[in-house]
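Let's take a walk through this one together, starting at a helix and ending at a loop. Keep the viewer open as you read.

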2 protein chains.
Amino acid sequence: MKDIGAAEKYGLPLSMLRSRGNTSVVPLSWVKHILYLLDQRLLPHEETWFAYRSAEDVEQAIRDMVVRGAPAIGITAAFGMVLAAHGLKDKNKGLFVEEWMEKAAFMLQARPTAANLKWAVERLEKLARKHYKMSPCNLTSILEKEAISIWTEDVKANLSIGFYGQALLPETGGVLTHCNAGGLATGGYGTALGVIRSAVSRGKEINVIADETRPWLQGARLTSWELIKDGIAVTLVVDGAAGFLMQKGLIKSVVVGADRIAANGDVANKIGTYAVAELARANNIPFYVAAPVSTIDPFIHSGDQIPIEERGPGEITTFAGKQIAATGVKVHNPVFDITPHHLVTAIITELGVLTAPYGPAIYACFS
Amino acid sequence: MKDIGAAEKYGLPLSMLRSRGNTSVVPLSWVKHILYLLDQRLLPHEETWFAYRSAEDVEQAIRDMVVRGAPAIGITAAFGMVLAAHGLKDKNKGLFVEEWMEKAAFMLQARPTAANLKWAVERLEKLARKHYKMSPCNLTSILEKEAISIWTEDVKANLSIGFYGQALLPETGGVLTHCNAGGLATGGYGTALGVIRSAVSRGKEINVIADETRPWLQGARLTSWELIKDGIAVTLVVDGAAGFLMQKGLIKSVVVGADRIAANGDVANKIGTYAVAELARANNIPFYVAAPVSTIDPFIHSGDQIPIEERGPGEITTFAGKQIAATGVKVHNPVFDITPHHLVTAIITELGVLTAPYGPAIYACFS
């Protein structure tokens, strides 16, 4: 896991994006059986890349939020499972699949809320089961191709989400986003920020209003950083200011990403998203969710059933090692919330724009 | 302005509070023509008291948020104007009043939103005009008595607000508050936290949910600190989590303070308050505002007319000298917002509990 220090380690999808004139950042790279991750905990101060050679280290990186964002977690986990296969190549067939499956079960525990983690790992599991008679070496090669497909499909999905979504944004004015659903949270380009990138590239004059997004400050640290890199206008506000800006007419639409979407259209996303949705409703502002179909969990009926991760108190009581809260205070730190489907104006996917009633619209995506 | 380092410098109202069995902190002290302020920027890590001997230094302390909270700002400004009088005592009568009035006009500029600043300074101005023929020495003495009255009346008002307000809180369960409307924000005891203190002292089993309140973290640094000191249960959450806790049934009522209340019941309070009010409405949770009548500005028809202070970007982009946001990001930092009266369940004052229609209820307070 040493720092490789250089941005030229970016992998395939970046060239795909660049060929389309996009400069969006990418959070990972896959070169010669090594996974490289841009450490998002250190941004925007340091652009540090670490190299990963085992599934266990990748699982830890997801857990520790070196990489975050549902689609990026899914892609990272897929490459983690390729590393697992690579490490087991010398085992015999039966043992290979058995031990690899154990590592897959372990990987699934890294974080509970993001649908894409489960989706990506299960996609590889299905393939492993289908080809269990193959030699470990060949199966590893098939798994690697599949992980690369998961990555490139995600980037293509984001470009498509951008295409469908940009039409919904205003010609000019403020568009609020919460957390980071950008290049960093995906295989590249982004979901919510992909929609904004697409609108801006078509000449719309969007001023992005970025909620700072406590406790992890994804808005201040990541969204602002990647939008400034792309030359897109961005204004940072505290989470509590979103409602005030809406009252003042400074926000024309809201677009956010998602960590998991239930079959009825309820949306799990970064804590604070529900508040933004309720405020948008009260101020007659459209509230859009941008996410690939891989974020939809058709087996979960409603948001109530989505597990909400609770993280440690230190994320709230300390900053950069310094204590910021009163000693001894109890903390409740749920890091996602559920926005009920009735507050969602539309869900923008790579297959098109879904609107209520979401049940049938989502069902159609899987048919 | 040197640190006097000791809590025994607390002045009159603390003994008044202690005689009633309350241990609430007090943010200021007045001893032998010196104003002492507890530096709230350093809490909860350091309890440092500074001594002030001039109106100019007091104005700077209010501007720099050594002291904050509308009632505390009003009381501090009043003592600042006593210091101004003290410094002008050797002038002749005419010059004394003229120069003192200039200093009063300067003091009024310290911060724009809090009603109590204007209210307190104008109360002294009225007295100075009435007694303009008096010797500077006697007038200074009258102004000092009036400043002490402003302070002690505020503490009494808070005790009365607590008495009226506690009846509205549930027997048991979570009560959310935003920012700090506690002893630190007032002459002592607090408005919103006074209501909670009063409820707890009557045996109600309240668990306070404290929004951390970005950007200044009054919830994390001040509300948690003073409640822990009093042995009242408190759980800290990020601002974005309030809605999630409401959805989960963990919050039974909301009680906040106010910086200014318009004649129609619109409430200016710390940025993020409006979001809490909108979320409370959506989740059928009562939303109470606790404030003394001195916070009501009967000359302002509605919230639209209340000036909203915009503070510097550094409050959002840096923490403890360390940069936390992407370099070059634009910032919008309004530090108050307006909660429209239709979202306010009741306004708890020292004269009783006001309910809609607020126009006539507020008018009656001034009749």
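**A guided tour**

Start just after H7(A), where A:Gly203 takes a positive phi of about 95°. Before going on, some ground rules: this is a predicted model, in which local features need pLDDT of at least 70 and side-chain atom pairs count only at pLDDT 80 or more, while totals for chains, interfaces and linings use all residues. Residues are numbered from 1 along each chain as its sequence is written, chains are lettered from A and ligands numbered from 1 in the order in which they are written, and side-chain values use heavy atoms, with hydrogens and water left out. Helices (H or I, at least four residues) and strands (E, at least two) are DSSP runs, numbered from the N terminus.

Now back up into the helix itself. Buried here means under 20% relative accessible area, exposed means over 50%, and partly exposed is in between (1.4 Å probe, protein chains only). Among the buried ones are A:Leu193, A:Val195, A:Ile196 and also A:Arg197.

Strands E1 (residues 28–31) and E2 (residues 34–38) of chain B pair in the antiparallel sense over 4 bridges; strands count as paired if DSSP finds at least two bridges between them. Opposite B:Trp30 you'll find B:Leu35 in E2(B). The hairpin has 2 residues between its strands, and B:Lys32 takes a positive phi near 50° there.

E14(A) runs parallel to E6 (residues 234–237) of chain B, joined by 2 bridges, and A:Lys330 has B:Thr235 as its bridge partner in E6(B).

What about charges? Over all chains there are 29 salt bridges, each a side-chain nitrogen of Lys or Arg within 4 Å of a carboxyl oxygen of Asp or Glu. One of them links B:Arg214 to A:Glu212, with the closest N and O atoms 2.6 Å apart. Each residue sits in a loop between E5 and H8 of its own chain, so the pair joins two chains. B:Arg214 is buried at a relative accessible area of 4%, and A:Glu212 is buried at 0%.

Within chain B, B:Arg41 pairs with B:Asp39 at 2.8 Å between the closest N and O atoms. B:Arg41 is partly exposed at 39%, whereas B:Asp39 counts as buried at 2%. Elsewhere, shared partners join A:Arg111, A:Glu309, A:Arg311 and A:Glu315 into one salt-bridge network.

Last stop: B:Lys133, in the loop between H5 and H6 of chain B. B:Lys133 counts as exposed at 61% relative accessibility. B:Lys133 and B:Gly94 lie 39 residues apart in sequence but 8.4 Å apart in space, C-alpha to C-alpha.
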